[in-house]
Amino acid sequence: IWKKHGVKKFEDADEFQSKFIQHVETTLARSLYNCDDLAAYQATSQSVRDNLVIDWNKSQQRQTARDSKRVYYLSLEFLMGRALDNALINSQDGTEEPGVQKRERIKGAIDQLGFKLEDVLEQEPDAALGNGGLGRLAACFIDSMATGDYPAWGYGLRYQYGIFAQKIIEGYQVETPDYWLNFTNPWEIERSEIQVPINFYGYVDRSGSESGDSTLSASKWIGGERVIAVPYDMPIPGFKTENVNNLRMWSARPTTEFDFAKFNSGDYKNSVEQQQRAESITAVLYPNDNFQEGKELRLKQQYFWCAASLHDIVRRFKKSKHSWEEFPNQVAIQLNDTHPTLAIVELQRILVDLEHLDWHKAWDIVTKTFAYTNHTVMQEALEKWPVGLFGHLLPRHLEIIYDINWFFLKFVESKFPRDVDLLSKVSIIEEASQERQIRMAFLAIVGSHKVNGVAELHSELIKTTIFQDFVKIYGPSKFTNVTNGITPRRWLKQANPKLAKLIGDTINDPQDDFLLNMSKLTELAKYAEDADFQTKWNDVKQFNKLRLADLIEKLYEGEDVINRDHIRNTLFDIQVKRIHEYKRQQMNIFGCIYRYLSIKKLLSEGVPINEVEKKYPRRVSIFGGKSAPGYYMAKLIIKLINSVSDVVNHDEEINNILKVVFIPDYNVSKAETIIPASDLSEHISTAGTEASGTSNMKFVMNGGLIIGTVDGANVEITREVGEDNIFLFGNLAENVDELRYQHQYHPKPLPEELEQVLQVVESGTFDGDFKPLVDSIRHHGDYYLVSDDFKSYVQTQSLVDDVYHKNKKEWLKKSILSVANVGFFSSDRCIQEYADEIWNVEPLNN
Ligand code: 26W
């Protein structure tokens, strides 16, 4: 009977339409007469989701039946953006008649129903459950794991509020809550039948243990507060495969347990309030990027999520009836930074306390299971938890950490006898500060079998700086590099359909195989100097620039910021990323000010504007990005950008040859419009501070050139695209320490270019008080070395002007060659490296 009534996927436009109408009339309980764009979005998504769920079920059954090793990607952030268009693109399976891709057929079907696909797609709110690079990397990875047919799940938290929405009021950032679940989310499947109890606080009861008071053998943790974890599943479709993976996100709920004490004391109101506190655990994403705050609720989030995920993983493992020794052959767990490090401790607790395994046997299983990815060397971003706070929330876990540390230090001592200095340097417990702190990165290293950085330079740096002692202890083979990547489905096909089409047409690949096999792009190289092809290439760029001009006009409420008449010879210079001093948006805006002053100077000397334009050709400098709400300096940088924008954009004398634009509320869906429009993008961090960067890869994949420092993945981008095709400048990482020392002990006058700029900023030309920003350079050691790199930055910018405006053919050639050689940065390559080098898993073929 089950077979007879089996559900079927819609295959063509006609079947899609009947699904759509069914969802409008039953799921949404509306009629075609009151079906607006939002309802159309909901009905389309429900229909597409039905198809996904059918494949999802099959994939999960297959993964279970094959009993192969599974990968679990633990990330506190998944910056997914929108799901619908991605699902449409990924539904393309290669069986379509040539030239008519599935997405195009759905588009036609929606058209017939009286809607426009573009407007329907715009209805979807971004799933903005991440801050920046780390969260977006996790999103690209689950796309590639599904596409590569890996049996892999993501585990995260279902925050009710994602990263705040940014408003700009009088030039300042103002944060407003992102209640993204306002309308029901068609992409999630609530699994309320699964309820995992999670405990906090309480005490350890060792009265029943055989060996008296040893913390090493099974101990009983009596929790003092209990909440329930309920999973919400999001299907993750692969491209050109029927494989659909799962992203499981936990939500906190109160228990329905009855609190006798409260009841007896008649304290009903209090017991309800206590229950409500449970929900607060998954209420909001912490908006800090590269800065750790040490808040108890954050630690609670981390434990809630690790405990729920491990419970799930262990339950699934136990169903397979393998022995515990088999666990690392069946399960690989990747830690996305140190945020999930508690999972290491929780697995050890499960094995020792609940499953009664011997400590060492358990620890062997644990370390073979976990691997840790480091994403930052910035001191203020490295997680540490005060022992007091930690032990109060998780008393048994603190004991286990002490025991892990004890055995680790014993091992170190046996390898390096009497090196007391070394022991205190590598101890998981830091004793130096007033209060003892748990160093989560050290715990992650000790509990993992592999540690990786995210770009070559960064992976070398962690070995020689923050983790150097661990290289000495474990040898270099524990440390490896996996250079980051991005998914070409979203960042080429979805964001830039015109370019994807031109590429497909040119290399004779109508079914977009290049999105799976990016080495095919190298065929573009032979057209790099072809005049005809260059024209088409340039036309796509102009189209995307107009598309961005429309977005900017909308955001500036109709103000015509970008002059469309000149768009063809206006260079779009873009820097979009989190605002951070180390990323040096301040250097970029100082560069804009310098350019403005130079233009004004020529004008004041009586040089006619058309002559000025020859020296300073048309340029729009575009900024976007959020600052952490409590990061004063970053917020000041945002204010300066907006104040400069105000002055420059309204100065009629300069005749629009320079514009400065700040795009509010930068997010994934805006990135999809912004990135394809760039001629030039800025990746100008102080050398040695940006672990990798991933937007650099996105810009190159869309035919933009880079101005950048020798930092993060810029190094490998240079190797891949060739040094003629990137504008590098500035000091090298190896010189940073020395330069900082010089600032401290032998300060020199600032370079005249920067001096000019700072004086104008100090004079009050731009609205706001920027003294702290200026002082950080003049008087506080210029930690990010703006003064050391400013001159070469300005010079390199003028080189950019020359190529773009005097030798457009050369520019286009660079752009085409860059795309031809960008294939290495596909996250498919990256996931394959993780699978081969770290997880030891194979794809599951159908
Ligand atoms: C504890 C507070 C906190 C929150 C987030 C500390 C650190 C983070 C992240 C690790 C910061 C982050 O997103 N790092 C970025 O990771 C990207 C993906 O690997 C890299 O491309 C970026 O260079 C790196 O800054």
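Which hand does the crossing of helix 20 and helix 21 have? It is right-handed. Keep in mind that this is a predicted model.

**Helix 20 and helix 21**

Helix 20 covers residues 497–506 and helix 21 covers residues 531–555; they pack at an angle of about 160°, and their axes are 9 Å apart. That angle makes helix 20 roughly antiparallel to helix 21, because anything over 145 degrees counts that way. On the helix 20 side, the contact is made by Lys498, Leu499, Leu502 and Thr506. Helix 21 answers with Phe533, Lys536, Trp537, Val540 and Phe543. Sorted by class, this contact has 6 nonpolar, 1 polar and 2 charged residues.

**Two oblique pairs**

Next up are helix 9 (residues 296–319) and helix 11 (residues 342–354), whose axes come within 9 Å and cross at roughly 50°. Helix 9 and helix 11 are therefore oblique to each other, and their crossing is right-handed. From helix 9, the residues in the contact are Gln302, Tyr303, Cys306, Ala307, Ser309, Leu310 and Val314. From helix 11, you get Leu342, Ala343, Glu346, Leu347 and Ile350.

Helix 22 brings Gln586, Met587, Phe590, Gly591 and Tyr594 to the meeting. Across from them, helix 31 has Val786, Asp789, Phe790, Tyr793, Val794 and Gln797. By class, that contact has 7 nonpolar, 3 polar and 1 charged residues.

Here are the pairs side by side:

| Helix pair | Angle between axes | Axis distance |
|---|---|---|
| Helix 20 and helix 21 | about 160° | 9 Å apart |
| Helix 9 and helix 11 | roughly 50° | within 9 Å |

**Domains**

Zooming out, the protein is divided into domain 1 (1–66 + 84–123), domain 2 (67–83 + 124–483) and domain 3 (569–820). The C-alpha centres of domain 2 and domain 3 lie 37 Å apart. Their contact takes 36 residues from domain 2 and 32 residues from domain 3. Which elements give two or more residues to the side of domain 2 that touches domain 3? Two kinds turn up: the strands are strand 2 (78–81), strand 5 (165–169) and strand 6 (172–176), while the helices are helix 6 (133–147) and helix 17 (456–464). In class terms, that side of domain 2 has 15 nonpolar, 14 polar and 7 charged residues.

**The ligand shell**

Now for the ligand. How many residues surround it? There are 23, and the closest are Gly133, Leu134, Gln292, His375 and Ser692. Which domains does the shell draw at least three residues from? Domain 2 and domain 3 each supply at least three. By class, the shell around the ligand divides into 6 nonpolar, 13 polar and 4 charged residues.

Definitions and conventions: Residues numbered from 1 in each chain as written. Predicted model: local features only at pLDDT ≥ 70, side-chain atom pairs only at ≥ 80, totals over all residues. Contact = placed C-beta atoms within 7 Å. Helix = DSSP H or I, 4+ residues; strand = E, 2+ residues; numbered from the N terminus. Nonpolar A, V, L, I, M, F, W, Y, C, P; charged D, E, K, R; others polar. Near = placed C-beta within 6 Å. Domains from an automatic or database assignment. Axes fitted to C-alpha atoms, helices over the stretch in contact; angles between N-to-C directions. Parallel < 35°, antiparallel > 145°, perpendicular 65-115°, else oblique. Left-handed = near helix turned anticlockwise from the far one by under 90°.
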